[in-house]
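Me: I've got a protein–RNA complex open and would like to talk through it. Can we start with the surface around the RNA?

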Amino acid sequence: MSKIKVQFPDNSVKDFNSGISCFEIVKSISNSLAKKVLVASYNNNIIDLSSQLTTDGKIKFYTWDDNEGKSTFWHSSAHVLAESVESLYPGVKFGIGPPISNGFYYDIDFCDHDVSKINTSKIEEKFLNLCKQNLEFVRSEVSKNDAKTYFKDKGDNLKLDLIDDLKDGEISFYNQGNFTDLCKGPHIPSTKFIKSFKILNTAGAYWRGDENNQQLTRLYAISFPKQNMLEDFIMKLEEAKKRDHRKLGKELELFFFSDKVGSGLPMWLPNGHIIRENLMEFMRNEQISQGYQHVTTPHIGSKKLYVTSGHYEKYGESSFKPIEVPSDNDEYLLKPMNCPHHCEIFNFKPHSYKELPIRIAEFGTVYRYEQSGELHGMTRVRGFTQDDAHIFCTIDQVKEEVLGVMDLILKVFKSLSFDDYKVQISLRDKEDFSKYIGDSKLWDKAENDLVDAVKDTDVKAEVVYGEAAFYGPKIDFMVSDSLDREWQLGTIQVDYQLPKRFNLEYVDKNNSKKTPVLIHRAPFGSLERFIAILTEHCEGNFPLWISPKQIIILPITEKANEYAQNIKNQLDNLNYRTSLDLRIEKISKKIRDAEVKKIPYMLIIGEDEMKSNTVSIRKKSIGDKGKVKIEKLISMLEDDMKS
RNA sequence: GCCGAUGUAGCUCAGAGGUAGAGCACUUCCUUGGUAAGGAAGAGGUCACGGGUUCAAUUCCCGUCAUCGGCUCCA
């Protein structure tokens, strides 16, 4: 019998008989690993443990602790979910059922079954029942014809649709129990590994992600190799929900929405306003030091402005309806973006190349008629304020300006401890250019400029095709919310089109007229969304410099009121946001209330402090920091304000 | 916009075909207490809105609006 050489991750090599399965190999090296291994890879191809090896190669085994193991586990779970659903709701049709970052889903056409009557606990019961039966996942290679025949007989048009895109000779089925699915695999050996399972939610999802197709029912679910893992997961989910900015926004009185004002139109309450103002102040100072000039433009603009920019044609449908005015033929739009206004500001007077780059910044409030189903707390609203700016520069300056903006964005993220962000370079769709305006050569240049600029930094960016704006490519900074939903915050966009449309010009060295390049950029993106994410990241415990309420003074008895008021006056004079709790309540009650309000500093004042001319500091979530003189307190506060 | 769920006091939630309840918050009174909830009393709701069924609807049905979970979209 011929032998093969198999190399292990520690680089050791062993000989095995050709045709040995991955599982036999793992069993030969470690019984304990064999018990928990879920899937293997050979020469970097991920394969079933039952796969037989006939060539030399490198082997690797994956357990639940590896991403490969988890996603295989969840992928297999999706098949069991399908089997459970099919047994309870005969005749359903299956779309796709992939693993995702936390669990898996299956898109299902429930046909004549009433979707609103789906009994998830019945499905869960059936699922766990199937797992206990220790059903093996068995792979079989099938011809395209046989595959088609199988699903034609079954009446599953969705699978037939999928098979159409596959090549003959590359089609495989997996079977477990009474269920066979079209699937390239691999899978875990059997259902016995799955010990807990829960359907998390149901949702509608268009077939193949296209809204012109039928809508299927997507079941989101998760499964684990141990029961307590599910409990931990659910607990973490509950914890994450406590950080939700919509919940905290209400509790901390940051903002709210009113039906009477309108859907998606946030109202900033005094506490939230303070956060906004501080972030704006911070950004304004950063921008001034980077050579930006701030401007103010109106909230509405002539419709013609947006026809010129091309935005009206592209987004007119998803804007608030134009405002008609009786006195002339013009119509006005609630400003959906600031760029046309800033282009007009550039046009106010002629410019020399010596002035460039000109950086025009504005905290501009814009209004967009977002689809009703898209509104989401403060992260997706219909009226929001961008920390917007437009940089007008020469073609040669683009890269340096992009780098400058990246610096600024990274500084902002760092200042607010956003260390978990993703950078995405959004380029044109590879095939379909019809969505974009302008000369393809200029697009190439703009795309190269962005990619080049990112290469000059330490930032790791992912290139995504088809995500560019209609006028140019962009670099987006994405951050996740407490429930792992990704949101775009900062953005940098290179645009060769808008300056042309607005006939922007500067005079170059040779006294000839040139068109500047426009860079759109916003580090926060939208203040609304940024504050939402910031709130979730710090769970409402804002850094001192942002915190709406910074200090609360808690006198123990009425005897300390006067002294407390005196301390408050001193802190007021230093512009700290200080409040005083004069209620006749026990100190523990006052402390609890201050903790719940997430006020960073509590100053507890009783007879001891009055006598020694001190205050007792209690820091939120940390506790008693002891008695200090007021001067010491002030220097502590000063230090804290810097972080 | 689409699929599904939800909408009861300021907040978090119970409840039932015969016009509503708890806890917290609020008001008043008592309590002057040293590091996360002192006690008592009181006040608070067209049960999202509009139709329909019924002797009777907040409850059942239909529609609208809003919110939530997704999908699609995102200048």
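Me: Which element supplies the largest share of the surface near RNA strand B?

Reply: This is a predicted model. The largest share is seven residues, and it comes from α18.

Me: And which residues come nearest to RNA strand B?

Reply: Counting residues whose C-beta atom lies within 6 Å, there are 59 around RNA strand B. Those that come nearest are Ser-116, Gly-204, Ser-372, Gly-373 and Gly-606.

Me: How many residues of that surface are charged?

Reply: Take the split by class: 17 are nonpolar and 23 are polar. That leaves the charged ones, and they number 19.

Me: What about the sheet with β11, β12 and β13: which strands are its edges?

Reply: It's an open sheet of three strands, ordered β11-β12-β13 with antiparallel pairing. An edge strand pairs on one side only, and that picks out β11 (138–142) and β13 (179–182).

Me: Which residue of β13 is the bridge partner of Tyr-174?

Reply: Strand β12 covers residues 171–176 and runs antiparallel to β13, with four bridges joining them. For Tyr-174, the bridge partner in β13 is Asp-181.

Me: What ipTM does the predictor give the complex?

Reply: Chain A averages a pLDDT of 95, with 100% of the residues scoring at least 70. For the complex, the predictor gives a pTM of 0.95 and an ipTM of 0.96.

How values were computed
Residues are numbered from 1 along each chain as its sequence is written. Chains are lettered from A and ligands numbered from 1 in the order in which they are written. This is a predicted model: local features need pLDDT of at least 70, side-chain atom pairs count only at pLDDT 80 or more; totals for chains, interfaces and linings use all residues. Two strands pair if DSSP finds at least two bridges between them. Helices (H or I, at least four residues) and strands (E, at least two) are DSSP runs, numbered from the N terminus. Ala, Val, Leu, Ile, Met, Phe, Trp, Tyr, Cys and Pro count as nonpolar, Asp, Glu, Lys and Arg as charged, and the others, Gly among them, as polar. pLDDT is the predictor's confidence in each residue, from 0 to 100.
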